[in-house]
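Work through the exercises below with the structure open beside you, and try each task before reading its solution.

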Amino acid sequence: MKKITKYVLTDILRNKIIIGYTIFLLLISLSLFNLEDSASKGLLSLLNIILIIVPLVSVIFSTIYIYNSAEFIELLVSQPLRRKQLWSSLFIGLAGSLALSFLIGIGIPVIIYAATDTGYILILMGTLLTVIFVAIAMFAAVFTRDKAKGIGLSIFLWLYFSLLFDGLVLFVLFQFQDYPLEKFMIIASAFNPIDLSRIMVLLKMDTSALMGYTGAVFRDFFGTNTGFIIAIAILTGWVVSVFWLSLRKFNRKDM
Amino acid sequence: MNRKIFILTGLLLVRFITDARIIRVGKQQQFHTISEAITASVNGDSILVEYGIYKEKNIDINKSITLLGMHYPVLDGEHKYQIISIKADHVTLKGFRIEHSGVSSLDDIAAIKIYSCREVTISDNIINDTFFGIYSQSSVNCLIENNRLTAFGKTEQQSGNGIHCWKSDSLRIIGNTVTGHRDGIYFEFVTNSVIWRNDSYKNMRYGLHFMFSNNDAYISNIFRNNGAGVSVMFTHGVKMFNNYFEENWGDAAYGIFLKEISDSYISGNKFLRNTSGIFMEGASRIRVEKNEFKDNGWAMKIQASCMDNVITNNNFEGNTFDVGTNGTLVMNSFDRNYWDKYEGYDLNRDNIGDIPYRPVSLYSMIVEKNPAAMMLYRSFMTTLLDKSEKILPTLTPENLKDNYPLMKPLHL
């Protein structure tokens with residue numbers, strides 16, 4: 001397993017797209033911090049990047065990588081290796097390399113310019129989002145042999161989490177606005193890793209005061225240490241459960 | 001010659017009789033306490049207090065005298081008493097350090113309390129750790145100048161207001177610094193007064209709290225970092241010029257909160273980094289011009305209960321939301337402002353945008369209708385909604401628009 005992980009990691013880290021992605025993130029975060037007049041504003045702009053671009057790149061790159069290494073996977077499956085080990089090392093390789101480029105591209109500038117609680121939580125959430133979306137990509141890729149369908153499915157999942165889900169939430173909020181929705185909001189946020197990480201970062205920022213009573217509801221729940229641990233547990237739960245689903249599918253898959 | 005001497009002696013005599021005496025108080029002087037000196041004085045006398053610590057419980061000033069402190073003598077209330085009570089007209093109190101008053105919500109204990117007097121001057125005092133600072137009730141034409149008030153209360157119940165004025169008229173509150181109190185400056189039923197060049201910061205509730213006080217002006221003050229900003233309520237004829245409202249940041253903090261205000265004028269102020277710059281409720285006939293709104297959460301929140309307000313020639317820059325409102329009925333005018341979010345064009349180059357600007361974003365309308373939607377704050381979804389609403393307005397109020405948006409910021 002170690003060998004395969006190492007192979008996957010070195011293969012991806014030499015990939016031009018990953019290098020380009022790292023440089024792109026680095027350039028964006030450096031220029032944002034230099035353009036905005038305060039570090040906290042830079043963090044706020046960076047948040048938008050992390051919530052949209054990081055999941056998108058993670059999900060598409062991982063899906064394509066899995067499809068491109070179909071032959072490699074088939075070859076290894078024919079060897080006396082457990083499928084679980086093979087799939088896990090692919091996941092670790094992908095998640096590790098994308099997380100590494102995220103940490104270099106965004107983590108280092110944030111530590112240089114805004115080494116605050118908000119900055120650290122931003123890095124943490126970005127890393128978790130990267131890993132979650134790698135898991136989602138592997139889930140989408142294992143479903144179908146057709147590359148176009150697989151990429152389509154992963155893009156759809158990204159679209160769902162970054163846009164459609166919020167639309168549904170808005171719809172529900174308006175349909176049931178006569179009812180107390182505090183619990184619903186907290187539960188709903190747990191069902192979308194992008195929403196949850198956005199809320200976690202916003203709660204640490206000054207702008208959370210704008211969120212009024214809704215912000216207070218979230219702060220009461222996620223603002224405490226227990227709440228923070230719960231949020232991290234939920235996000236880790238996302239990684240584990242989605243990866244487990246894809247693993248189950250992969251184990252039974254007819255190559 | 002004789003006649004001349006006679007006149008001269010006569011003049012000297014007149015002068016001797018009418019001349020105010022100077023009474024000195026201090027360790028080496030005839031009087032050791034201020035109260036004794038006041039008892040011995042008559043109207044028009046001056047009492048000069050040398051440096052020392054005076055613990056005299058309550059000092060009652062019931063004659064028209066001038067009380068001067070040299071090198072800030074300390075008047076200590078021992079955490080039990082009101083320190084100075086002024087009960088005569090034409091009293092001047094200057095140059096004291098007044099500390100540690102008692103705390104009582106029943107009596108409203110203050111460092112200096114003016115009881116129904118005229119023409120009292122209180123200047124250049126340092127007031128530390130007192131319940132109320134300077135308290136004026138039913139007084140007329142008093143001057144409160146260059147005092148420095150600091151309190152250390154922990155809760156709103158445990159602390160009083162810095163400069164508290166009640167049922168007074170023609171007051172001048174100039175150049176004071178107030179911090180750590182419940183309300184920095186408090187006005188209730190105070191008319192024809194001016195609040196000028198004060199600095200009110202880090203107070204627990206409001207920097208300035210203003211109710212039923214008609215025809216007052218506040219000019220060139222700084223209200224910074226107060227618990228809830230500045231509140232002006234149930235008043236008409238207020239002029240607010242060149243003030244700074246800064247960093248009033250929190251769930252219920254406002255630069256200015258205007259409730260039931262009419263016929264007022266807000267000009268030349270700077271609203272920087274507040275949760276809401278101006279919040280208007282039931283306000284009418286107010287002219288808001290030449291102000292700068294920068295880096296606020298909401299630059300202005302105007303409830304539908306406001307009418308005939310004119311908002312013109314202001315700069316709106318870097319605010320998260322420019323204008324928020326809670327209804328579709330708009331009876332206010334927003335013409336000729338500069339909005340940094342304006343994306344229109346100016347073909348004839350007259351510095352006025354050719355298409356109207358709508359300062360209310362769809363998302364701010366949604367939030368106003370359903371606060372729970374704030375859950376989606378800064379999500380991709382809301383950005384897209386706002387963009388589409390800009391192109392095809394459907395939900396935002398039809399009339400809330402700037403018909404002549406300026407292309408360049410005004411120099412304010």
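**Exercise 1: Two helix pairs in chain A**

Helices α3(A) and α7(A) are roughly antiparallel to each other, a label given to angles over 145 degrees, whereas under 35 counts as roughly parallel, 65 to 115 as roughly perpendicular and the rest as oblique. This is a predicted model, in which local features need pLDDT of at least 70 and side-chain atom pairs count only at pLDDT 80 or more, while totals for chains, interfaces and linings use all residues. Residues are numbered from 1 along each chain as its sequence is written, with chains lettered from A and ligands numbered from 1 in the order in which they are written.

Task: at roughly what angle do the axes of α3(A) and α7(A) cross, and which residues meet there?

Solution. Begin with the axes, which are lines fitted to C-alpha atoms, for helices over the stretch in contact, with angles running from 0 to 180 degrees between N-to-C directions. The axes of α3(A) and α7(A) come within 10 Å and cross at roughly 160°. Next, consider the hand: α3(A) passes α7(A) in a right-handed crossing, where right-handed says that the near helix is turned clockwise from the far one by less than a right angle, and left-handed that it is turned anticlockwise. Then look for contacts, that is, pairs of residues whose C-beta atoms, placed from the backbone, lie within 7 Å. On the α3(A) side the meeting residues include A:L51, A:P55 and A:Y67, and on the α7(A) side they include A:K147, A:W158 and A:F161. Finally, sort this contact by class: it has 13 nonpolar, four polar and one charged residues, where Ala, Val, Leu, Ile, Met, Phe, Trp, Tyr, Cys and Pro count as nonpolar, Asp, Glu, Lys and Arg as charged, and the others, Gly among them, as polar.

Task: how do α5(A) and α6(A) cross, and what classes of residue make up their contact?

Solution. Helix α5 (residues 83–113) and helix α6 (residues 117–143) of chain A have axes that come within 9 Å and cross at roughly 155°. The two helices α5(A) and α6(A) are therefore roughly antiparallel, and α5(A) passes α6(A) in a right-handed crossing. Among the residues that meet are A:F91, A:L98 and A:F102 in α5(A), together with A:G119, A:L122 and A:M138 in α6(A). By class, the contact of α5(A) with α6(A) has 16 nonpolar, five polar and no charged residues.

**Exercise 2: The chains and where they touch**

Task: how many helices and strands does each chain have?

Solution. Helices (H or I, at least four residues) and strands (E, at least two) are DSSP runs, numbered from the N terminus. Chain A comes to eleven helices and zero strands, while chain B has four helices and 38 strands. Along the principal axes, the C-alpha trace of chain A spans about 60 × 45 × 30 Å, and the C-alpha atoms of chain B fill a box of roughly 95 × 55 × 30 Å.

Task: how many residues of each chain are in contact with the other chain, and which helix supplies the largest share on the side of chain A?

Solution. In the model, 27 residues of chain A are in contact with 18 residues of chain B. On the side of chain A, α3 (39–68), α7 (147–175), α8 (182–190), α9 (193–204) and α10 (212–222) each supply at least two residues. The largest share, eight residues, comes from α7(A). By class, this side of chain A has 16 nonpolar, seven polar and four charged residues.

**Exercise 3: Single residues**

Task: is B:R21 buried or exposed?

Solution. First locate B:R21, which is found in the loop between α1 (2–18) and β1 (22–25) of chain B. A residue is buried if 20 or more other C-beta atoms lie within 10 Å of its own, exposed if 12 or fewer, and partly exposed in between, with C-beta atoms placed from the backbone. B:R21 has 11 C-beta neighbours inside 10 Å, so B:R21 counts as exposed.

Task: where is A:A39, and which residues does A:A39 contact beyond its neighbours within four places in sequence?

Solution. A:A39 lies in helix α3 of chain A, and with 18 other C-beta atoms within 10 Å, A:A39 is partly exposed. Leaving aside neighbours within four places in sequence, A:A39 is in contact with A:F33, A:Y113 and A:A114.

Note on methods:
Two residues are in contact if their C-beta atoms, placed from the backbone, lie within 7 Å.
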